[in-house]
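Welcome, and please load the model in your viewer. Keep the selection panel at hand, and we will go from stop to stop together.

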Amino acid sequence: MPEEPTVSTTNLVLVEGLVSGPAELRQLPSGQRVATFAVSTRAAKPPMTSLPVAVWDPPEWLEGLEHGQPIVVVGSLRRRFFRGATGGIASRVEIEAGVVARMTEARTRRRARRLVEDALERLD
């Protein structure tokens, strides 16, 4: 039997944009916390694209996110399955954030640049 070639894969998402609205925080029965929010981005042409983001065990400052706040998210794309309102199985594709950084101060902008550089290095 021929040996299958090894394929390298990368699931890396880097988004810089504006927060679309306040984060929704939930505590799961397991005790783990998750925050969800959306980031709006614009390609070369309108319209804007709103991307859902999930942050597990989020930092406290995330609760204060406001509409229009600039932010950088680095993570991976995930498809999550759950029971919908009608009882059937539904799914959602979202960015599962590893790092979330505000773009409000110079120190944070430098950190975000490092995140971008690290992400690009991982692609090489």
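Predicted model: local features only at pLDDT ≥ 70, side-chain atom pairs only at ≥ 80, totals over all residues.

Residues are numbered from 1 along each chain as its sequence is written, and side-chain values use heavy atoms, with hydrogens and water left out.

**Stop 1: salt bridges**

How many salt bridges does the structure hold? There are five, where a salt bridge is a side-chain nitrogen of Lys or Arg within 4 Å of a carboxyl oxygen of Asp or Glu.

Select glutamate 96 and arginine 78: their side chains form one of these salt bridges, at 3.5 Å from N to O. This pair links distant parts of the chain, as glutamate 96 is in strand S6 (residues 89-102) and arginine 78 is in strand S5 (residues 70-83), 18 residues apart. Strands here are DSSP runs (E, at least two residues) and helices are too (H or I, at least four residues), numbered from the N terminus.

Color by accessibility next. Glutamate 96 has a relative accessible area of 26% and is partly exposed; arginine 78, at 36%, is partly exposed as well. Buried means under 20% relative accessible area, exposed over 50%, and partly exposed in between (1.4 Å probe, protein chains only).

**Stop 2: a network**

Now select Arg80, Arg92 and Glu94, which are linked in a network of salt bridges. Arginine 80 meets glutamate 94 at 3.0 Å, N to O. Arginine 80 lies in strand S5 and glutamate 94 in strand S6, so this pair ties together parts that are 14 residues apart in sequence. Glutamate 94 also meets arginine 92, at 3.3 Å from N to O.

Is glutamate 94 buried or exposed? At 4% relative accessibility, glutamate 94 counts as buried. Arginine 80 is partly exposed at 28%, and arginine 92 is partly exposed at 33%.

**Stop 3: a positive patch**

Finally, select Arg110, Arg111, Arg113 and Arg114, which gather in a patch of positive charge on the surface. Patches are made of residues with over 30% relative accessible area and no salt bridge, with like charges joined within 9 Å and nonpolar side chains (Val, Leu, Ile, Met, Phe, Trp, Tyr) within 5 Å. Zoom in on arginine 111: this residue is in helix H1 (residues 106-123) and, at 39% relative accessibility, counts as partly exposed.

Definitions and conventions
Areas by Shrake-Rupley, 256 points an atom, 1.4 Å probe, with all protein chains shown as cover. Lys, Arg positive; Asp, Glu negative; His and termini not counted. Charge placed at Lys NZ, Arg CZ, Asp CG, Glu CD.
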